[in-house]
Amino acid sequence: MSDVFVNYRTGDEESAATMVARELVRRFGAERIFFASSSIEPGQRFPAELVRAVEECEALLAVIGPRWAEVRGADGRPALQAEQDWTRREIETALDRGVLVIPVLVGKATRIDPALLPESLRELADCQYRRFDHRNAGADLAALGDTLARLLPELGAADRDAQAAHERTQVKSRKKPAGDATHTRMRTRDVEQRVRGGIGNLNGDLSGTFVNEPQGPVNTGRGHQYNAPHFQGDNTGVQYTAGDNSGTVHQRFERERRRSDDAR
């Protein structure tokens, strides 16, 4: 049983119908798409196969171009007005069965005028349609396939494009932890090297200020920073302070200097 029946009229956009059928076959598989010129095997009875396929399908795509209602039959009358017209009979059967019928308007084709349709096809004019333009074929075919995959769950389960996208996502998710671990190791090594080269202010997220080879008091807060000559010997009392150190280091340094002068 085919899920989707591609209906079209000879003499009106057969090429568009062929493109639609080929894309749907690629995406969902040949066994799920019925297209008369490729789905009926040599020797099979054409009328019987058409009737069987349209009676079993879950959706019918009516490919309609600008000349769809104008093509004439052997008697010179519009083919659409003949009760035995196969394009008309296929759509009538699908509408009678209540299955999903989607008009696919090709190129400059406009919304179907109910006045041009026989009574048995008037309902077709009320069906929401999709567009197909040769200049935007890739995007239009993808959108049509997405619509069918969403509306027909069994067809969606066979969607090769969705399966391929899922596999790509899984591959990326497997690769991502390894990349993150490498980044973390490099970042940790960089932090260790900075800490060994001087003093640093380390927060939980490894952010902060690193000062290599500090000379004199160091202020890492919001206050002023006062640099002083490098101390040698016993530097008891020299203070390195983090936080809001406005004036703190400078005042401590002055008290230590005065004590030293008094001792002399």
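These questions and answers walk through a predicted model.

User: How many helices and strands does the secondary structure of the protein come to?
Analyst: The protein has 264 residues, of which 33% are buried. Its secondary structure comes to eight helices and seven strands.

User: Among contacts between residues at least 6 apart in sequence, what share joins residues at least 24 apart?
Analyst: Contact here means heavy atoms within 4.5 Å. Among contacts between residues at least 6 apart, the share joining residues at least 24 apart is 62%.

User: Why do the buried residues of helix 3 line one face of the helix?
Analyst: Helix 3 covers residues 46–56, and its buried residues are Glu-49, Leu-50, Ala-53 and Val-54. Look down the axis of helix 3: these buried residues line one face because they fall within an arc of 120 degrees.

User: Which elements are included in what covers the buried residues of helix 3?
Analyst: The buried residues in question are Glu-49, Leu-50, Ala-53 and Val-54. Their cover includes strand 1 (4–7), strand 2 (33–34), helix 2 (36–39), strand 3 (59–64) and helix 4 (86–97).

User: Is Ile-91 buried or exposed?
Analyst: Ile-91 lies in helix 4. Its relative accessible area is 0%. The cut-off for buried is under 20%, so Ile-91 is buried.

User: How far apart in space are Ile-91 and Val-54, C-alpha to C-alpha?
Analyst: Val-54 is one of the buried residues of helix 3, and Ile-91 lies in helix 4. In sequence, Ile-91 and Val-54 are 37 residues apart. In space, C-alpha to C-alpha, they are 8.5 Å apart.

User: Which residues have the most contacts inside the largest nonpolar core?
Analyst: The largest nonpolar core has 26 residues. Helix 3, strand 3, helix 4 and strand 4 (100–106) each supply at least two residues of this core.

User: Leaving aside neighbours within four places in sequence, which residues is Leu-124 in contact with?
Analyst: Set aside its neighbours within four places in sequence. Leu-124 then contacts Ile-64, Trp-68, Ile-91, Leu-95, Val-101, Pro-103, Ile-112 and Leu-117.

User: How much space lies in the largest cavity?
Analyst: The count comes to one cavity of 30 Å³ or more. Its lining includes Pro-103, Ile-112 and Leu-124. The lining residues divide into seven nonpolar, no polar and one charged. The space in the largest cavity is about 40 Å³.

Key
Residues numbered from 1 in each chain as written. Predicted model: local features only at pLDDT ≥ 70, side-chain atom pairs only at ≥ 80, totals over all residues. Heavy atoms only, no water. 1 Å grid on protein atoms, 1.4 Å probe; cavity = no way out; pocket = protein on both sides within 12 Å on 5 of 7 lines; lining within 4 Å. Points joined across faces, edges and corners; volume = space filled by probe spheres on them. Nonpolar A, V, L, I, M, F, W, Y, C, P; charged D, E, K, R; others polar. Buried < 20%, exposed > 50% of the residue type's maximum accessible area, 1.4 Å probe, protein only. Helix = DSSP H or I, 4+ residues; strand = E, 2+ residues; numbered from the N terminus. Arc of directions from axis to C-beta. Core = buried A, V, L, I, M, F, W, Y, C linked by side-chain atoms within 4.5 Å.
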